[in-house]
Amino acid sequence: MLVRAIWLSWEESVMKSIDYIHDFEQWQSGFSFSLPIKVRFSETDLYGHVNNTSVFIYFEEARIEYLNSLGLFKELGQDELGFVVADLQCNYLRQMYFNEIIHFYVKVESVGNTSFDIHYMAKNEKGEITLTGRGRLVTIDLIKQKPQIIPAAMRIVLEAEMKKQ
């Protein structure tokens, strides 16, 4: 019992130090989309846990499924419109291991003129948070290779997702 109390105290202090999470309970409750991902052997390292680089592949898989579920990939490729990941950040909280099912949660956190921020949370089968993350996607003109204003129809979808929180 004491060990669990110490762990929860450590977890709370770590969550408070993550700069993109201001109110953890509110932040956590804002997720509605999740994707289960089974950890493959090739994604682990010498120590038997998920290699730190594998997480970004999981982010990509969850992000694509999320945006696809919103119907946003229908617009890509039309009118030379695309997304690029401008930055990506991860905070590792617990180790993940081969054969575990990890649930990756994704949500739209904010929408700007040409970009939007996506946040991530991963939980193991015990419901423990294993990592959090955030990233910025920029809408670009694929021909000119320059940022493009988010189209009105896409903005409506993204902002509706934020209102769900």
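Predicted model: local features only at pLDDT ≥ 70, side-chain atom pairs only at ≥ 80, totals over all residues.
**A first walk through the model**

Residues are numbered from 1 along each chain as its sequence is written, and side-chain values use heavy atoms, with hydrogens and water left out.

Back to Ile102, which lies in strand 3; helices (H or I, at least four residues) and strands (E, at least two) are DSSP runs numbered from the N terminus. Is Ile102 buried or exposed? Ile102 is buried, because its relative accessible area is 0%. For the cut-offs, buried is under 20% relative accessible area, exposed is over 50%, and partly exposed is in between, with a 1.4 Å probe and protein chains only. Ile102 and Glu128 are 26 residues apart in sequence, and their C-alpha atoms are 9.8 Å apart in space.

Now for the nonpolar cores. Such a core is a set of buried Ala, Val, Leu, Ile, Met, Phe, Trp, Tyr and Cys residues joined through side-chain atoms within 4.5 Å. The largest one here has 30 residues, and Tyr66, Leu67, Phe104, Phe116, Ile118 and Leu131 have the most contacts inside it. Which element gives the largest share of this core? That is helix 3, with six residues. A second, separate core has 10 residues, including Trp27 and Leu93.

The side chains of His119 and Trp27 make a polar contact at 2.8 Å. A polar contact is a pair of N or O atoms within 3.5 Å; within protein, one must be able to donate a hydrogen and the other to accept it, and residues adjacent in sequence count only if both atoms are side-chain atoms. His119 counts as buried because its relative accessibility is 3%.

Last stop, the loops. Most residues other than glycine have a negative phi. Asn99, in the loop between strand 2 and strand 3, has a positive phi near 75°. Gln145, in the loop between strand 5 and strand 6, also has a positive phi, about 55°. Asn99 is partly exposed at 41% relative accessible area, and Gln145 is exposed at 55%.
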